[in-house]
Amino acid sequence: MNWQLLAQFGFNQGVNNLPYEFPIHPNLVHFTLGLFIIAIIFDIAGTFFPLERPILKFFGIPALRSGFYTVGWYNLVACAIVTFFTVAAGFFEIMLANPPINQKSSWGLEAGSTMLIHGLGGVFLLALIVAMTVWRGLQRYLWRKDRVRQVQWSYLLMGIAMFGLLYVHGTLGGHLGSEFGIHVTAAELLRQGKNPNLLLD
C-alpha cells in the first residue's frame, strides 16, 4: 500500500508498519473467538440441560433451558457482526505488512503463503459463521420454535468442527506475529538494526 496516499488522510507509518500503535485485527479475533465459543457451549449446555439440572439445583442456581439457548443465540449474532470488522481489519493490516523473505514457519510455510492462506481462510470462516447464524436463526424462530430442544444435533456437531477450523486458522495467524514478526514493534526495530530495549518503554 502507498504510504504517501495514506498520509493524505492523516495516517502516519508507525514502527510496526501500521498507522496506529497496536494491531486491531488480533484483538478483534479474540473477541470473535470468545463469542463463537460461548455461543456453541451455551447451546450444548441447553441441549444437555436435563443432565445439568440436579447440579444446578444442588448449588442453588436458578436456570431455565431457554436461557441457555438465548445466550447462545445472541452471542452467535454478535459474533457474526464482529467478524465482518475482524476480517476487514485483517485485510487492511495485511496490505500494510512487510513480511520477511526466505524464512519458514514451524509448519513449513513462508510468510507470504501464510498470509494468503490466513486471509482467504478468514473470508471462508466469515461465510461459515454467517451461514451458521442463519441456520441457528431458522431453528430458533421457525423449525424448532415450539420444541424443547432448540438446536439440531448436526448444528452442534458443525459448531464443534468449527472449533478445529478456528484453531488451525488462529495458529496460522499466530505464526504471522510470533514467527514472522509482522506488525510486531520489537521485531520491526530488530530488522532495522535498532535495540528495542532502548527505544520502547
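In the residue classes used here, Ala, Val, Leu, Ile, Met, Phe, Trp, Tyr, Cys and Pro count as nonpolar, Asp, Glu, Lys and Arg as charged, and the others, Gly among them, as polar. On that basis, the lining of the largest pocket comprises 15 nonpolar, 15 polar and 1 charged residues. The model is a predicted one.

**The largest pocket**

- The volume of the largest pocket is about 650 Å³.
- The pocket is lined by 31 residues, of which H25, P26, V29, H118 and G173 are the closest to its centre.
- At least two residues of this lining come from each of the helices α2, α4 (65–95), α5 (111–143) and α6.

**Packing of α2 with α6**

- Helix α2 spans residues 25–47 and helix α6 spans residues 153–178; the two pack at an angle of about 150 degrees, and their axes are 10 Å apart.
- Because angles over 145 degrees count as roughly antiparallel, α2 is roughly antiparallel to α6.
- The crossing of these two helices, α2 and α6, is left-handed.
- On the α2 side, the contact is made by L33, F36, I37, I40, D43, I44 and T47, while α6 contributes W153, Y155, L156, G159, I160, M162, F163 and L166.
- By class, the residues in the contact of α2 with α6 are 12 nonpolar, 2 polar and 1 charged.

**Packing of α2 with α5**

- Helices α2 and α5 pack at an angle of about 35 degrees, and their axes lie 13 Å apart.
- The crossing of α2 and α5 is left-handed.
- From α2, the residues H25, T32, F36, I40 and D43 meet H118, I129, M132 and R136 of α5.
- The contact of α2 with α5 divides into 4 nonpolar, 3 polar and 2 charged residues.
- H25 and H118, which take part in this contact, are also among the residues closest to the centre of the largest pocket.
- F36, I40 and D43 of α2 meet α5, and these residues of α2 also belong to the contact with α6.

**Packing of α5 with α6**

- Helices α5 and α6 pack at an angle of about 155 degrees, with 10 Å between their axes.
- This angle makes α5 roughly antiparallel to α6.
- The crossing of α5 and α6 is left-handed.
- The contact of α5 with α6 holds 15 nonpolar, 9 polar and 1 charged residues.

Technical notes
Residues numbered from 1 in each chain as written. Predicted model: local features only at pLDDT ≥ 70, side-chain atom pairs only at ≥ 80, totals over all residues. Heavy atoms only, no water. Axes fitted to C-alpha atoms, helices over the stretch in contact; angles between N-to-C directions. Helix = DSSP H or I, 4+ residues; strand = E, 2+ residues; numbered from the N terminus. Parallel < 35°, antiparallel > 145°, perpendicular 65-115°, else oblique. Left-handed = near helix turned anticlockwise from the far one by under 90°. Contact = heavy atoms within 4.5 Å. 1 Å grid on protein atoms, 1.4 Å probe; cavity = no way out; pocket = protein on both sides within 12 Å on 5 of 7 lines; lining within 4 Å. Points joined across faces, edges and corners; volume = space filled by probe spheres on them.
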